[in-house]
Amino acid sequence: MAILVTGADGYIGWPAMLRLAREFPTERIVGVDNFARRKWVEEIGSVSAVPIATMPERLEAARATGINNLSFVEGDLVDLAFVQQLYSIYKPRVVLHLAAQPSAPYSEINGERANYTQHNNTQSTRNLLWGLKENNLLDSVFVETTTTGVYGQPGFDIPEGYIEVERNGRKDTIVYPGMAGSWYHMSKCHDVNNLWLANSKWKLSVVDLRTAITYGTKTDETASDPRLATRFDFDFYFGVVVNRFAAQALAGFPITVYGKGDLKRPMVGLQDAVDSIVACARREPNQKFDIYNQTSGPVSISDMATSIERSARALGIDVEIEHLVNPRVEKEEHQMVMENDRFIADLLPRSTVDIESGVRDTIESLAPYRDTLVAYKDRFIPEQLLNRVAVS
Ligand SMILES: NC(=O)c1ccc[n+]([C@@H]2O[C@H](COP(=O)([O-])OP(=O)(O)OC[C@H]3O[C@@H](n4cnc5c(N)ncnc54)[C@H](O)[C@@H]3O)[C@@H](O)[C@H]2O)c1
């Protein structure tokens with residue numbers, strides 16, 4: 001039996017590989033990646049703050065801790081023939097699809113990057129879905145981490161995937177329509193539509209995890225050896241807001257809140273994200289299209305900045321919060337309320353990370369890499385905003 005993990009070299013994918021290997025010791029955990037994330041970050045002139053080992057070094061280190069059921073295949077999921085070959089060899093009972101170009105700002109650099117992002121993401125997903133059908137593997141469970149960003153910013157509470165619609169006295173329940181705010185997020189709306197199609201036409205069992213902003217530096221497994229560490233990005237393009245704020249605080253750079261900072265964003269700690277992905281691998285096929293909001297709840301950007309300021313000051317670091325003109329098109333006053341009851345009940349009954357301790361832990365564990373953060377601090381915000389920040 002095998003579990004296939006796409007995006008196995010990534011921020012979430014690598015810790016998921018390690019946890020799966022421990023949770024399913026009698027199964028082979030097969031990771032796939034084309035190392036594109038390493039190239040994108042290099043291309044925009046940044047680095048992972050936490051040094052990351054090469055894949056052969058990672059696998060060697062995993063073996064040294066007694067993990068012997070990991071395999072890795074390098075390849076591009078955009079290539080259908082590669083995906084077909086992968087399936088014909090491993091016949092996975094579960095596919096955990098985490099591979100994507102996941103940065104909204106990167107997808108908006110220019111038309112070429114927008115095309116690349118949507119082509120890379122949606123073609124990979126279509127290949128993985130059609131590959132299951134053409135290899136008679138439709139009794140597998142297909143899990144994808146899409147994004148909470150598919151919901152946009154509606155003026156009502158965000159449901160967990162499905163929404164009731166009433167028109168002219170008649171009602172139906174439909175999949176919430178894609179109302180994303182970037183070309184990257186829209187690639188995931190296209191994925192959601194294709195997941196829906198694969199479920200409704202072929203009865204493929206699908207779990208669509210609408211993943212929230214994922215923050216933190218480590219899980220129990222990645223912390224057990226420096227060669228098992230996962231990447232940590234802090235730049236404008238690839239550093240998600242919490243991780244970027246934590247890095248700014250440590251580098252002595254002001255925490256740069258876009259606009260007033262009242263906007264609420266859904267969050268989830270890395271350890272919780274990995275736990276809930278692993279919980280999906282325990283599922284039996286049920287021929288359903290299950291959607292979960294993979295978040296422990298929304299937090300306002302200002303509250304997040306204040307929490308990071310508090311944690312940094314506790315470590316003796318003097319931190320300022322600065323409000324910048326928002327470079328993003330978004331409703332700044334949007335008070336996001338997102339339902340997540342089914343997610344917590346089914347996939348994360350025991351959350352290990354609350355936001356305050358998660359932030360504190362992120363800052364403390366990043367402290368050894370302060371020199372890297374200082375050296376790359378011009379990567380925190382876009383070039384056009386750099387001269388507006390008073391750097392100490
Ligand atoms: N990190 C977050 O805050 C967050 C939030 C919402 C959704 N997600 C989703 O979760 C998943 C994992 O995110 P992450 O933060 O670990 O991103 P990541 O970039 O670190 O990991 C994705 C991995 O996929 C690989 N990849 C991309 N295209 C590929 C292709 N064509 N063939 C083979 N490999 C390919 C990359 O090299 C990378 O290692 C993504 O689908 C992302 O969209 C992440």
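This is a predicted model: local features need pLDDT of at least 70, side-chain atom pairs count only at pLDDT 80 or more; totals for chains, interfaces and linings use all residues.
Residues are numbered from 1 along each chain as its sequence is written.

**Entry on S1.** I looked at strand S1 (residues 2-6) and saw that five of its five residues are buried, where buried is taken as 20 or more other C-beta atoms, placed from the backbone, within 10 Å of a residue's own. Ala2, Leu4 and Thr6 lie on one side and Ile3 and Val5 on the other, and both faces are covered. I traced the pairing with S2 to Ala2, whose bridge partner there is Arg28. From S1 the chain crosses through helix H1 (residues 13-23) to S2 in a right-handed β-α-β crossover, right-handed meaning that, with the strands pointing away from the viewer, the path from the first strand over the helix to the second runs clockwise. I also found S1 paired with strand S4 (residues 94-97), in the parallel sense and over four bridges, with His97 as the bridge partner of Thr6.

**Entry on the open sheet.** I then turned to three strands that form an open sheet of mixed pairing, in the order S9-S11-S13. Strand S9 (213-215) and strand S13 (297-300) each have a single partner strand, so one side of each is left without a neighbour in the sheet. I followed strand S11 (residues 264-269) to S13, with which it pairs in the antiparallel sense over four bridges, and there Pro266 stands opposite Pro298.

**Entry on the ligand.** Which residues come nearest to the ligand? I found that Gly7, Gly10, Ala99, Ala100 and Pro102 do, of the 28 residues around the ligand, a residue being near if its C-beta atom, placed from the backbone, lies within 6 Å. I noted that strand S2 (28-33), helix H2 (36-43), helix H6 (111-134) and S9 each supply at least two residues of this shell.

Definitions and conventions
Two strands pair if DSSP finds at least two bridges between them. A residue is buried if 20 or more other C-beta atoms lie within 10 Å of its own, exposed if 12 or fewer, and partly exposed in between; C-beta atoms are placed from the backbone.
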